[in-house]
2 protein chains.
Amino acid sequence: MKLTGQQLIGQSSFSASGTLIWAINPATGEKLQPGYLSGGHSEVLHACKLAEAASVPFRTTSLEERATFLETIATEIEALGADLIKRCSLETGLPAARIEGERGRTCGQLRLFASVVRAGEWLDARIEPALPERKPLPRTDLRQQNIALGPVAVFGASNFPLAFSVAGGDTASALAAGCPVIVKAHSAHPGTSEMVGRALQNAVTKCQLPEGVFSLLYGSGNELGQALVKDPRIKAVGFTGSRNGGVALMKTAQARPYPIPVYAEMSSINPVFLLPNALKAQSVSLAEGFVTSLSMGAGQFCTNPGLVLAVRGKDLDQFLTTAEKAISKVGAQTMLTPGIHQAYTNGIISLANNDSVQLQGKGKISDLPNLCQSSLFVTKANDFLVDEKLRDEVFGACSLVIECDDFEQMLTVAKQLEGQLTATLHMDDSDLQAAKGLLPILEDTAGRVLVNGWPTGVEVCHAMVHGGPFPATSDSRSSSVGSSAINRFLRPVCYQNLPQALLPETLRDNNPVGISHLFDGKRVSKTVK
Amino acid sequence: MKLTGQQLIGQSSFSASGTLIWAINPATGEKLQPGYLSGGHSEVLHACKLAEAASVPFRTTSLEERATFLETIATEIEALGADLIKRCSLETGLPAARIEGERGRTCGQLRLFASVVRAGEWLDARIEPALPERKPLPRTDLRQQNIALGPVAVFGASNFPLAFSVAGGDTASALAAGCPVIVKAHSAHPGTSEMVGRALQNAVTKCQLPEGVFSLLYGSGNELGQALVKDPRIKAVGFTGSRNGGVALMKTAQARPYPIPVYAEMSSINPVFLLPNALKAQSVSLAEGFVTSLSMGAGQFCTNPGLVLAVRGKDLDQFLTTAEKAISKVGAQTMLTPGIHQAYTNGIISLANNDSVQLQGKGKISDLPNLCQSSLFVTKANDFLVDEKLRDEVFGACSLVIECDDFEQMLTVAKQLEGQLTATLHMDDSDLQAAKGLLPILEDTAGRVLVNGWPTGVEVCHAMVHGGPFPATSDSRSSSVGSSAINRFLRPVCYQNLPQALLPETLRDNNPVGISHLFDGKRVSKTVK
């Protein structure tokens with residue numbers, strides 16, 4: 001595919017007139033052709049008007065039509081073939097195998113949402129038939145289901161150029177819900193974005209959907225994104241990125257005359273608790289597993305284990321010595337962008353210059369540009385508790401081990417942590433009582449609690465929660481990964497006493513679509529009436 | 001019960017030291033004893049600390065324990081007997097029969113939530129067992145359920161002194177979710193609030209729950225309420241009241257270091273669309289039904305039909321003439337508070353002084369204080385479209401009829417309306433095509449769409465949505481009435497690879513609690529392994 005550097009609005013492409021955006025190959029520092037001219041208010045207005053026009057026709061497509069559309073997007077992305085892998089690798093510095101895996105995940109989640117749409121659980125259909133004889137007052141017929149919120153603005157993430165970008169989880173779940181989507185491409189991978197955007201355009205054509213179902217805009221700085229979130233036609237926002245970026249969007253969305261929900265996945269240091277008996281029995285294997293999780297993909301995961309808590313003593317010493325040895329063998333990896341590399345370097349310097357923090361170990365490094373040197377630091381719980389800076393995320397392969405005086409102090413630290421995407425316990429059977437003490441704190445802190453594993457590696461499935469209390473996300477009631485991500489873009493509507501011919505098909509008598517309902521509050525599958 | 005004028009914090013009562021709050025009998029203007037001393041920051045802090053301490057023990061009670069607690073509250077409220085009805089009637093001017101009905105509804109919804117808690121649908125339990133043999137990567141065991149957000153602040157409403165107040169829908173649904181509740185009593189019915197608050201205290205004692213599960217605070221002005229919403233221990237807010245009040249709480253909640261959700265039910269004019277064939281066939285009966293709905297309870301319902309749209313012509317003239325006659329027979333009714341009466345009077349004067357609005361009819365009136373004289377006005381769609389003031393809610397028995405040039409203009413007005421709790425269609429079979437054209441607009445506008453009925457009278461059931469886009473509520477994704485109201489106070493947590501002994505009982509193998517699950521994405525009832 002020949003890249004054009006144009007904005008994709010509906011079924012058309014346009015050259016905008018703002019600043020040029022260039023992808024940089026982080027492994028070499030070179031600019032990649034073509035440049036992308038930033039759009040502004042007029043591109044936002046155009047895309048939003050098309051999205052508004054597509055809103056009702058798209059949300060009232062049948063479950064089958066919408067599922068087929070999602071599957072068609074997956075097929076069109078796969079049809080991009082090796083070109084996509086090559087361009088994406090150039091733009092991100094990520095190895096081809098990783099991008100291939102991510103493409104599989106991206107297409108897999110589109111197909112998962114197709115199955116979710118067909119199953120219809122997301123409708124939360126409820127039927128309460130009329131009770132004309134009820135005393136003292138009759139009951140009229142009442143039915144409820146979820147409907148799409150309307151056009152959604154999606155901000156692609158830099159660290160998952162496919163799975164959290166143009167056709168990533170936010171887009172897939174919003175489309176599944178029946179919402180038109182306008183994506184603001186991440187400026188670090190504009191070519192990848194254009195390729196996937198054109199695949200999406202093709203899917204819209206093939207499925208004969210209104211063109212406003214999808215647009216892809218490019219903009220440098222915050223202007224285009226802010227204009228998008230301010231547009232009154234936009235009804236919700238999906239974002240994955242920095243805490244500052246997410247909080248800015250939250251403020252804009254709340255300041256609108258009509259405030260809208262923002263689903264921002266922002267910042268998490270993913271604490272790992274090594275309980276005493278597990279640490280005693282497995283200090284070596286835990287340390288090795290930890291370093292593998294920590295350094296995978298240069299640590300550029302939202303679920304990177306950035307904090308490890310354990311009680312001081314010879315078991316922890318053994319863990320640290322092993323981790324130091326393991327990290328020393330970790331090769332340097334190219335980071336996604338010069339900006340991310342600079343932020344990582346600043347974070348490491350800040351930790352190294354902190355008097356209460358000791359450097360425990362470092363990975364390999366060379367002179368190539370934008371390399372991540374894995375880093376491991378240690379501090380004392382007493383210091384961690386009084387220094388808020390130590391709780392900041394350092395995005396990359398860096399982690400801080402907290403030495404606690406005892407288990408009570410570990411609980412104290414746990415209670416003071418901000419909201420997290422994940423919290424991990426390493427335990428064996430004899431740690432059960434300690435784990436029971438920690439669990440309620442971790443439930444209040446994180447969207448996912450895991451035992452005897454590592455938080456990197458997020459399964460795309462029905463039971464996944466990739467979310468958590470602020471600042472992990474802007475809305476702890478949601479997940480941005482897995483089938484429940486669709487819930488973010490829905491609202492319930494009650495239909496009272498509607499004739500069958502006016503009711504949505506999914507709520508009609510005899511359950512023609514065959515979905516599970518609550519009938520008079522009781523769960524009924526398939527056939528109702 | 002002897003009223004004390006004290007703040008109920010946990011299991012204790014305290015006299016505060018702020019301004020005195022007096023209930024006023026709106027039918028006579030007299031002060032009712034005792035006065036209630038306003039609380040402030042120290043009362044908020046005390047109640048919040050107790051609520052925080054109760055948070056984990058309460059959310060981890062069994063489904064049966066929590067259901068029994070809700071039923072005990074209902075029993076304790078019923079045990080207040082005629083004293084409650086008498087005091088509530090004095091404080092609100094509402095007739096005893098209405099209060100008795102509202103008590104039935106209040107206790108009914110507590111018992112509904114007990115059944116909801118037991119059924120466990122609200123947990124949205126999901127199980128995906130480990131697939132150790134999966135290629136290329138095995139899958140670990142993943143389970144998900146909803147858990148309580150934490151302590152909730154509830155602001156009682158003036159117009160439902162039982163059903164939307166101390167033990168009303170917000171409190172019942174938050175307790176059902178497992179959240180401790182701190183209620184700020186509405187200053188218009190402090191005595192009613194104390195009686196119900198003491199019933200709640202008794203239920204906490206009888207069920208041996210931690211005392212912080214419930215507190216009841218009194219405060220004049222905004223100070224106490226603002227302090228409550230700012231407290232870091234509070235995790236969500238339920239509010240029913242004015243648009244200004246709700247928006248102020250939204251801003252406070254968003255400005256916190258840790259923003260929290262606010263569920264504010266605020267403002268709605270509940271448009272009613274009279275489609276041509278229905279209007280032709282039933283202009284007289286529609287007019288009579290309309291005036292009954294409009295004037296019921298002095299129009300002090302969130303779902304009062306404040307706007308009627310129809311195409312001009314002799315059928316609409318017949319409707320207006322009949323409505324004028326019907327409203328002239330409507331007796332004046334005492335409004336809830338002098339403040340509400342004053343606001344109603346101001347709203348009526350503003351409409352009467354608007355050059356593009358004509359007075360169509362008025363109800364009866366006398367010299368007693370705080371009476372609502374029902375009022376019906378008419379204007380043209382062209383004027384309505386350009387005068388935003390005409391879209392403001394006039395809380396009370398007032399409605400505005402919009403004469404449209406044709407059906408297209410009715411659609412234009414519908415598209416310009418702000419968010420609503422309800423939208424009503426009157427139609428017969430031959431109006432079906434017109435109704436199909438309107439329906440998508442109404443779905444986007446309102447939380448409940450109803451046909452051939454009137455919006456007043458909100459059934460408490462599973463399929464009800466009492467919600468809608470801003471400014472009807474602060475969060476269109478929610479309902480404040482019916483079993484789905486519990487969803488407002490929940491967030492999902494994923495449990496990855498937890499040993500059975502550490503898992504919540506509701507997610508264990510063999511489904512010991514017997515709830516419906518999604519198992520590998522498929523709906524399974526009762527027994528899961």
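Select Cys398(B) to begin: at a relative accessibility of 5%, this residue counts as buried. The model on display is predicted. Cys398(B) takes part in no disulfide, and the nearest cysteine sulfur, belonging to Cys372(B), lies 8.6 Å away. That separation exceeds the cut-off, since two cysteine sulfur atoms must be within 2.5 Å to form a disulfide.

**The cysteines**

Over all chains, the structure holds 0 disulfides. The model on display is predicted. Cys398(B) takes part in no disulfide, and the nearest cysteine sulfur, belonging to Cys372(B), lies 8.6 Å away. A disulfide would require the two sulfur atoms to be within 2.5 Å.

**The cysteines**

Over all chains, the structure holds 0 disulfides. Is Cys461(A) buried or exposed? Cys461(A) is buried, with a relative accessible area of 3%.

**The two domains of chain A**

Now hide chain B and colour chain A by domain. Domain 1 of chain A comprises residues 7-130, 144-266 and 478-488, while domain 2 covers 271-451. Taken over C-alpha atoms, the centres of domain 1 and domain 2 of chain A are 33 Å apart. Select the residues that touch: 17 residues of domain 1 of chain A and 15 residues of domain 2 of chain A make up the contact.

How much area is buried between domain 1 and domain 2 of chain A? The value is about 1,200 Å², and carbon and sulfur atoms give 59% of it. On the domain 1 side, display Pro26(A), Asn159(A) and Glu265(A): these residues lose the most area to domain 2 of chain A, together 37% of what that side buries.

Then turn to the charged groups. Between domain 1 and domain 2 of chain A, the count is 1 salt bridge. Show the side chains of Glu418(A) and Arg243(A), which meet in a salt bridge at 3.1 Å, N to O. For polar contacts, the count between domain 1 and domain 2 of chain A is 3 residue pairs, both members at pLDDT 80 or more. Coloured by class, the side of domain 1 of chain A that touches domain 2 of chain A has 7 nonpolar, 6 polar and 4 charged residues.

**Between chain B and chain A**

Bring chain B back into view and select the residues where the chains touch. Here 70 residues of chain B are in contact with 70 residues of chain A. The size of an interface is often expressed as the accessible area lost when the parts come together. Between chain B and chain A, about 6,000 Å² is buried, with carbon and sulfur atoms giving 54%. On the chain B side, select Arg477(B), Arg491(B) and Leu502(B), which lose the most area to chain A, together 12% of what that side buries.

How many salt bridges cross the interface of chain B and chain A? There are 10 salt bridges across this interface. For a view of a salt bridge, zoom in on Glu459(B) and Arg134(A), whose side chains meet at 2.6 Å, N to O. Finally, display the polar contacts: 40 residue pairs, both members at pLDDT 80 or more, are found across the interface of chain B and chain A.

Note on methods. Residues numbered from 1 in each chain as written. Chains lettered and ligands numbered in written order. Heavy atoms only, no water. Domains from an automatic or database assignment. Contact = heavy atoms within 4.5 Å. Buried area = accessible area lost by both parts, 1.4 Å probe. Salt bridge = Lys/Arg side-chain N within 4 Å of Asp/Glu carboxyl O. Polar contact = N/O pair within 3.5 Å; in protein donor to acceptor, adjacent residues only side chain to side chain. Nonpolar A, V, L, I, M, F, W, Y, C, P; charged D, E, K, R; others polar. Buried < 20%, exposed > 50% of the residue type's maximum accessible area, 1.4 Å probe, protein only.
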